Amino acid sequence: MRKLICLILALAFLPSMIAFADARTGSSNYLYTPHDEIIAAPPAYTLARSITARDMPEIDALDGLVDAFRDDSGVYILCSKRLIIMDHDLKVKSVLTAYMDGDKEVKLDGCTGVTVTKDGDIYITQSEKAQILHFNPDFTLNRVMGKPEIVGYENVNYRPTKMVVDAAGRLYVISKNMYEGILELNADGTFTRFFGVNEVTFTPWQLFWRTFATKEQRARQALWLPSDFTNLCIDQDGFLFATLLSTDEKTIKRLNAKGENIIKVSEEKPYPQGDLWTNETGFGIPTGKSQFIAVDVNDFGAYVCLDSTRSRIFGYNEDHSLLFVFGGPGDREGYFRNPVDVIFVGEDILVLDSLAQSIEVFSPTKYGSALMNAVKYQYLYDYEVASKYWEEALSYNHNLTLAYSGVGRMLLRSGEYEEAMEFLEMGDDRKYYDKAYEKVRTATLREYFVPGMLVILGLIAVKVTVSSVKRARKKRKGAA
């Protein structure tokens, strides 16, 4: 009998156990509450197709996948030895495997990053060769850019891995193991400054140990160096998103023209950092916090980050609130073996898997489409349309606090303050809840102020009259 009871209890809890296991291993069915608790969520993106070399007659292999870039003209997929140019439907338009340097044909090799300017110029970084190739829109070589002259860094290795070009033609280059920051170069390739310099941070224990360590012990300790940048992109407002290897929670930054991180979140909301709960120890499972190694942003402020620790994709809106999670390590459909980059292509999200030698294409579900449309129209300040999509998203996911907040903000703007308070409370949106409460309080005071004052004045008049009558009676009694 005891065994039967245990079996029934096990079967009863099995669905919740499976859901929790999926959440911890990487499938796209979980989010975090405002109180940092894991909750179930429907998939926002699912695998639409997996593109391999078999789907591309123009090439024989997709080995060495390293980087991806998209613009209005198409999609650029970079391998170590080739650049594949595709249209937005992911049909191959051309493949670049070699170029002419004068009278000499040079094979592409050791490529690490690609970016394309608004004029169609293509830049390809070659880390081990310490150079950047600049191609014209017709794929002819424009120039080969070597190490820029930087006073005091003549003996420092230059290893450009990733780069972007802004609207003014400035180049922002990540050089491996150059910890001073991102290199900002003029259009002609001359060095301007180190951009987005990371400060070294120490724990109290590190400082304590360093104080009492011997000279030999300090020599054996790892160097205290700033965090190293790993990838970057430019958003629609000209700000740089950059990912970096970091010991704290800030593995992504949004940098302004001064190189300052402008990602600001309230005390109640976590910094965008991937998974909030992680295993610190374990055998055969990923351990430690999330490390973002790639980032891309779409036209309405939503951005996706690739976590190399657990091979997951995290999506955030312009306010840095978590929208969705998908992916994870594994050979199953929708999971990754070794993801190296992620980009938006229209509504879809592309993930490069270097070990699987594939381009994984994820499309939004009905829930994901409603979610992203709500984010889009909220970014465009069309709160009424956004509210409709938030309501649609809520029909799929009743635990989506962000949707309650979105509907509440629309009700607040339309003057329905009491209804707004209800939705904002469910959305844990304290800032706008206070605004709605203030509006309700003000309206209440306006509604009842005049009647209330009349009642008070009436009571005062009655009291004065009664007092006058009493005094008059006392005078008459005294006179008698």
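Predicted model: local features only at pLDDT ≥ 70, side-chain atom pairs only at ≥ 80, totals over all residues.

## Helix packing and strand pairing

Residues are numbered from 1 along each chain as its sequence is written, and side-chain values use heavy atoms, without hydrogens and water.

Helices (H or I, at least four residues) and strands (E, at least two) are DSSP runs, numbered from the N terminus. H4 (residues 366-379) and H5 (residues 383-396) have axes that come within 8 Å and cross at roughly 155° (axes are lines fitted to C-alpha atoms over the stretch in contact; angles run from 0 to 180 degrees between N-to-C directions). H4 is therefore roughly antiparallel to H5 (over 145 degrees). In contact (heavy atoms within 4.5 Å) are residues including Tyr-367 and Leu-371 of H4, and Tyr-389 and Trp-390 of H5.

Strands pair if DSSP finds at least two bridges between them.

| Pair | Residues | Bridges |
|---|---|---|
| E6 and E7 | 82-86 and 92-96 | Four |
| E3 and E27 | 45-51 and 358-364 | Six |

Leu-83 has Leu-96 in E7 as its bridge partner. Five residues lie between E6 and E7 in their hairpin, where Leu-90 takes a positive phi near 65°.

E3 belongs to an open, antiparallel sheet of four strands, ordered E3-E27-E26-E25. Its edge strands are E3 and E25 (339-345), each pairing on one side only. Neighbouring strands are turned by 25° against each other on average, direction ignored. Leu-47 stands opposite Phe-362 in E27.

Key
Parallel < 35°, antiparallel > 145°, perpendicular 65-115°, else oblique.
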